Amino acid sequence: KNSAKAMEKELVTFSLQEKEKTGIDRSQIFQIPQRKDLETKVIVVLGKAGMGKSILVQKICQDWSNGEFSQFEFVFWFDCKQISLPEKLYSLKELLLEFFVKPREGSKEIFEYILQNPAKVLLIFDGFKGLHDHENFPRSSASQPEKDLCSIKELLSGLIQKKILNGCTLLFTARPKDKLYQYMSKVDKTIEIVGFSPQQRELYITRYFEESPYCDSALKLIKECEYLFSHCYSPVMCRFVCFLCEAVLEMGEKTLPSTLTEVFLKFFQQKIMLMQTDVTATQNQENLATLARIAWCLGEKHQSAMKSDLIPSKEVKEFALKYGFFLPFAFPRHSDSEEEEFGSTFSDFVIQNFLCALHLLLAEELKDKNLTKYLSFLSKKKKPYNWLDLMPRFLVGLLFLQDDPYFCSLSNEDAKQSTKKQKTLLKYIRRLQINTLCPERLLELLCCVYETQNNYLLQHVALRLEPDLSFLGIVLTPPDVHVLLSILKRSRKEFSLDLQNSSIDMQGLQALVSLRNVTSFRASLSDTVRLWKSLEQTKDYELLKESTEKFVLDPFKAKTMKDISDLSDLVEMQEKMMNCVQEASGCTRYGIPAIRNLRKLEFALGPACGLQGLQKLVKILAAFPSLQHLDLDALSENGIGDEGAKSLSEVFPTLTSLETLNLSQNKITDLGAEKLATALPSLSSLKTLSLYNNSICDFGAENLAKVLPAMRSLRVLDVQYNKITGVGAQQLTDSLRKCPHIKNLMMWNPTIPYGVLEHLHQLDSRISV
């Protein structure tokens, strides 16, 4: 269980912190360097719901049918929500040649050929979320897993663990935090779909209205509603917004709804209410309520599909299919004598989320107070309804729309009951201790409150935000940024924002940084430098200067080569900026405050890149005039060795403010200690030097002993766990007598006899035993 959690952490770190913001072509998806061709290849495409993962795999199938990806002779694509019903059993043969496609003849020969040539087979499992409700997949108990019946979980387990069809290529699509982590060690390549840029949103909208008389006015109308335009970063939301915009323009209206809840309220109204009569209105309300209950029952199980014969009535089924809320599909038959079975699945995750919220609002068995538990802002455990991630927002939004004519036409909800539920929610949010919420829950609260468009609630939340707001490691989508912006503007407080590893886009970063009451911010270096370069190109020198003054870098921890490269880019950016800011402001000299004020730098690249990273770092260390603490000790050990110690010692004269230097656990020997000792006196402010757990022997100790009297600022020296013997220890002790400024010398070594060390301690109490 712990290892599974560690792998989940690894996945989150990879998808947020380590990822490069560079696009790849579809033709590169299956390229995996340094991989054995005979083994199963596992590729994962991550992306939030609605990002276009399904469209991508459909396009891959289409490209293959047109002659691309010629390494595959067979491509099979499965929608996980259709094949993951717990009661269904399959053999691999049935899954491939009954569920996906049924050959007219020769299915036995085709299957045998597939088993003998797995490298020519691509299996695509779209929407892995439908399979994530168990901590671990069971191992297949079938003696012939390719031919025996077993659950889809057993089949997938066998495929990933290379027990079945070893040598094939598996492509999974999943949401970023779905439970893929138990198999992260098996994944060869991870790709993330991040959605549309603002330019791509405009292109999509323009193409949608290409042959429409509203082509020009549609884009203008959507862009005027900034919140909805921000949601258009998601392809599926963009489609909904375009559909609604078209309907609004056809009716001669000039404004779009201001919240997502209103968008889908109006969407349902457009779908089912325009053509209905008084006779069908009540029937539609009943059908919708039943459909909402089905959505909730499936959603609680992390499902969106069911067998069609389980739908309560023929009328509800026809209603759902007629208006496009359901899509039908067929199950494979185990034998020709069996009757064909059909299933139904919700056509879209957003529709299911909206219907779930509608059910919670309409269900008579749910009391007012019970509604708030589905928001779970206070839950310390993982949100129980995080699979239905939009449901809480729709629920809160609907509670404040009970007077809306569209809502009244969708439901027969009693007005008094709705008002009572709304008051319960208001009371709940008023009592929330907002300052105790973790970043993820705080963001969820802000998004929910925004859906109400209630001035009191928005102001209430804005006034209770903490001045230090951290969204470290929390993905901030364009709609999240819009909500955060609108609420921060309502507050008179000054804010410090931590946006590191939040995947915020450049437009969002610029908007937040531009706020007057945001006085400081942290963000990833690459994003920040990219923003500054953009401002430089557009000659927006005023905002460029303002944002550099707000940027905070201290303390900085370098964990990858990219971190070192980004830091180098920042220093390089400072050189370029000096000229343009001087021209704009008339300053004779300008430096980026974050560089000037960096006091602590931690270096933790590990043994693989430690030396290479350090050699790149030393080239820019002189750019940080206030650097006081340089820590090269990492749990994974950087291993910079003697070569790294030599490179570092060469820049000591420039580190005039350095007070703490930690070189512990770096495989430094006598050679490196000699190079360090020669340059150490030039560190005029050094107070603490740690060489703990290296490979320094008596010769190195002798060189250190020689320079100790010249290191007037030094107070603490740690040379424990090296290879110093009693001889080296005596030399250090003799030197210590000439150094009244040193307060503590730690030199316990397994190679120094305890009696010798005890004797030296008695001679000088500053020596630690």
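Predicted model: local features only at pLDDT ≥ 70, side-chain atom pairs only at ≥ 80, totals over all residues.

**A walk through the model**

So, the protein chain has 32 helices and 19 strands. Residues are numbered from 1 along each chain as its sequence is written, and side-chain values use heavy atoms, with hydrogens and water left out.

How confident is the predictor? pLDDT is its confidence in each residue, from 0 to 100. The average for the protein chain is 84, and 85% of the residues score at least 70. Residues 130-143 have a pLDDT below 50, and that stretch has 40 contacts in the model beyond near neighbours in sequence. Residues 178-182 are also below 50, with 20 contacts counted that way. By contact I mean heavy atoms within 4.5 Å.

Now the overall numbers. Of the 769 residues in the protein chain, 54% are buried. Buried is under 20% relative accessible area, exposed is over 50%, and partly exposed is in between, with a 1.4 Å probe and protein chains only. The accessible surface of the chain is about 34900 Å², and 49% of that belongs to carbon and sulfur atoms. Those areas come from the Shrake-Rupley method with a 1.4 Å probe, and for residues only the protein chains shown count as cover. Take contacts between residues at least 6 apart in sequence: 76% of them join residues at least 24 apart.

Next, the open sheet. It has 5 strands in the order β2-β3-β4-β1-β5, with parallel pairing. At the edges sit β2 (74-79) and β5 (189-192), each pairing on one side only. From one strand to the next, the twist averages 15 degrees. Two strands pair, by the way, if DSSP finds at least two bridges between them. For β2 and β3 (residues 121-126), there are 6 bridges and the strands run parallel.

Helix α6 (residues 152-160) lies across β3 and β4, at about 125 degrees to β4. For these angles, axes are lines fitted to C-alpha atoms, for helices over the stretch in contact, and the angles run from 0 to 180 degrees between N-to-C directions.

Moving along to β8 (residues 342-346): 4 of its 5 residues are buried. Strand β6 (residues 305-307) pairs with β8 in the antiparallel sense over 3 bridges, and Lys307 stands opposite Gly343 there. Strand β7 (residues 326-330) is antiparallel to β8 too, over 5 bridges, with Phe326 opposite Phe346.

Okay, helices. α28 (residues 641-649) and α29 (residues 670-679) pack at about 10 degrees with their axes 8 Å apart. They're therefore roughly parallel to each other; the cut-offs are under 35 degrees for roughly parallel, over 145 for roughly antiparallel, 65 to 115 for roughly perpendicular, and oblique for the rest. On the α28 side the contact includes Ala645 and Lys646, and on the α29 side Leu671 and Leu676 are among the residues involved.

The buried residues of α29 include Leu676 and Ala677, and what covers the buried set includes α28 and α30. Over in α30 (residues 698-707) we find Asn703, which is buried at 12% relative accessible area. Leaving aside neighbours within four places in sequence, Asn703 is in contact with Glu674 and Ala677.

Setting aside residues up to four places away, Pro750 touches Tyr721 and Asn722. Met747, with that kind of exclusion, contacts residues including Val719, Leu732, Leu757 and Ile767.

That's my tour; over to you.

Methods
Helix = DSSP H or I, 4+ residues; strand = E, 2+ residues; numbered from the N terminus. pLDDT = per-residue confidence, 0-100.
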